[in-house]
Amino acid sequence: MTSPSDDRAPLPPAARTSSAMRPSADGVVFEPGPLRGLARVRGAIDAEDSGGLRRELVAALECSRDGLDVDLSAVTFCDTTGLHTLLDLNRLALESGKSLVLSALSRPVARLLRLSGVEHVLTVRAWPPPRVRQGREPADREATAASDRTGLGEVLAAAEGAAPVRSLDVVARNLRDRFDARYVSFLFLDTVGRRLLRVHDTAAEPPQQPAEQVPLAGSSVYDDVLRYQELIVAADGTAGKRVLAPVTNRGDVIGVLELFLAQVTPEVSTQVQEAAHALAYIIVTDRRFTDLYHWGNRTTPHVSLSAEIQRQLLPSAACCEAPEFTLACALVQASEIAGDTYDYSLDTHTLHLSITDAMGHDVDAALMATLLVNASRGARRAGSDLAEQARQTHQALLDHGRHTFATGQLLRIALDGTSSRIVNAGHPWPYLLRDGTVTEMPLTIDMPFGVPAQGAYQVHDLDLRPGDRLLLHTDGMREREAEAVDLPALLRKTEAEHPREVVRTLVGAVTDVYGGRPPRDDATVLCLDWHGPA
């Protein structure tokens, strides 16, 4: 890499400084160069500042020929909105054939990059030196003081220093000590959004102490926290208050953080919200290393081998929010697994979606679903177009499918809004909610994947407009007892709800018709709100 001294000019007299930062922040100073520019960021970066910071950095990137170096060594506080700004800037750089390099980091920024895993996505030239325990440099004291305004840095540091399986305990202890809380607990949301599983900060290991199950009723305070994604302060019944905050990452609800406090001030509420936000990133990071979180969101303590296979095929998050779209998915597993899957992935230019239903039951169906999902992902990750992705998915069942077949749909939606395309392999047609009206989208029918007589799959344009809601589903949402569930009516009824709540309503209706018993067939639904280009 070229040295900064080789490709950058001295600081010009008219270097720009951001006016969008708070007065406590020094802002952004840009030093142009013949090849690369340098942006120096100072002060605190949070939700209030990120819009102005993004505009300044995008402008600096646009007027730099080869790319932009960003010096974050003087950033005293950074939350997850800062991460989003850096990731978005990196995307813009790659799209324009340039590069983004973080030339220096402060400790708060370095800690957040490592905790979130973003360090593997962004290019970092220099990490801050190890902390010296005998004394702190003035800049380090300044960074620590700014981070501790809300205690976010303290929570992240405490969790980072513990074993992954102890993160919840460490965060709970930190909150209990900081706020003199009488009680702290975390409640996991199960995979279909029907109940919460409470994990106490003093709980024994899962096998020794059954966790409390909290059903989610429509009038439940927990339901309100999850539905509206807002912190709620409720009476405890004794002296003190219950404080409940949603623990959510990019729209994917993980659970609820609950504290019992003697008194609740606005500052305490802000700090609890920050802690819940940090906890979401901690869990997303740490669940790679432990089964604790898988145990926490299961609907039953014991699952079959086929159910375990099927569950591991699904994306780790059932919901995703982005400027261009909001997506939510759910799978209600049958008493004998019938092979449903959903999948999604986002790259620089495209949202990829799929929904499949492999014929058969139990382990055979789960194995066929494994073939489908991995063939589809392999083609997608190799950069194949949609027709080739469908061909490879079809060929995998022909070669290894034991004479079975699977229905499915593969979709690709350009994030710039230029195209939406779909392959329909004998699958139930999607529903479209547009301007208050629900219609079934008629699609040309190709035969299911794995049927030998099927030739090349047809790729069709999908009429998708900003403001549309698209619902993909498997036949388990409509057949046998479930045919009593009126999907179009429920779509209209939930028009104003987040897709996450739409999915919860639909799978709840299907579950209810079986009276608490597992359905006869897998029931899968994928709800997409298309907002259009950002």
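This tour moves through the structure one selection at a time and says what is found at each stop.

The model is predicted, so local features are described only at pLDDT of at least 70 and side-chain atom pairs only at pLDDT 80 or more, while totals for chains, interfaces and linings use all residues. Residues are numbered from 1 along each chain as its sequence is written, and side-chain values use heavy atoms, with hydrogens and water left out.

**Helix α12**

Begin by selecting residues 362–381, which form helix α12; helices here are DSSP runs of H or I with at least four residues, strands are runs of E with at least two, and both are numbered from the N terminus.

Next, colour the buried residues of α12, among them M368, L372, V373, R377 and R380. Buried means under 20% relative accessible area, exposed means over 50%, and partly exposed lies in between, with a 1.4 Å probe and protein chains only. What covers these buried residues includes α11 (305–312), β14 (340–346), β15 (350–358), α13 (386–400) and β16 (406–414), where contact means heavy atoms within 4.5 Å. Just after α12, select G383, which takes a positive phi of about 85°.

**Salt bridges**

Now select R125 and D69, whose side chains form a salt bridge at 3.6 Å, N to O. Here R125 sits in the loop between β5 (123–124) and α5 (138–147), whereas D69 belongs to strand β3 (residues 67–78), 56 residues apart. R125 is partly exposed at 32% relative accessibility, while D69 is buried, with a relative accessible area of 1%.

Move on to R434 and D463, another salt bridge, in which the closest N and O atoms are 3.4 Å apart. Because R434 lies in strand β18 (residues 431–434) and D463 in the loop between β20 (460–461) and β21 (469–473), the pair ties together parts that are 29 residues apart in sequence. R434 is buried, with a relative accessible area of 18%, and D463 is partly exposed, with 39%. To see salt bridges that share partners, select D223, R227, E497, E501 and R504, which are joined into one network.

**The loop between α13 and β16**

Select R402, which is placed in the loop between α13 and β16 and has a phi near 55°, a positive value in a residue other than glycine. Then select H403, found in the loop between α13 and β16, where phi is positive at about 65° although the residue is not a glycine. Most residues other than glycine have a negative phi. R402 is exposed, with a relative accessible area of 59%, and H403 is exposed, with 84%.

**A last stop in helix α3**

Finish at L83 in helix α3 (residues 80–95), a residue that counts as buried at 4% relative accessibility. With L113 also selected, the C-alpha to C-alpha distance between L83 and L113 is 7.6 Å, although they are 30 residues apart in sequence.

Technical notes: Expected span 1.5 Å × (residues − 1). Salt bridge = Lys/Arg side-chain N within 4 Å of Asp/Glu carboxyl O.
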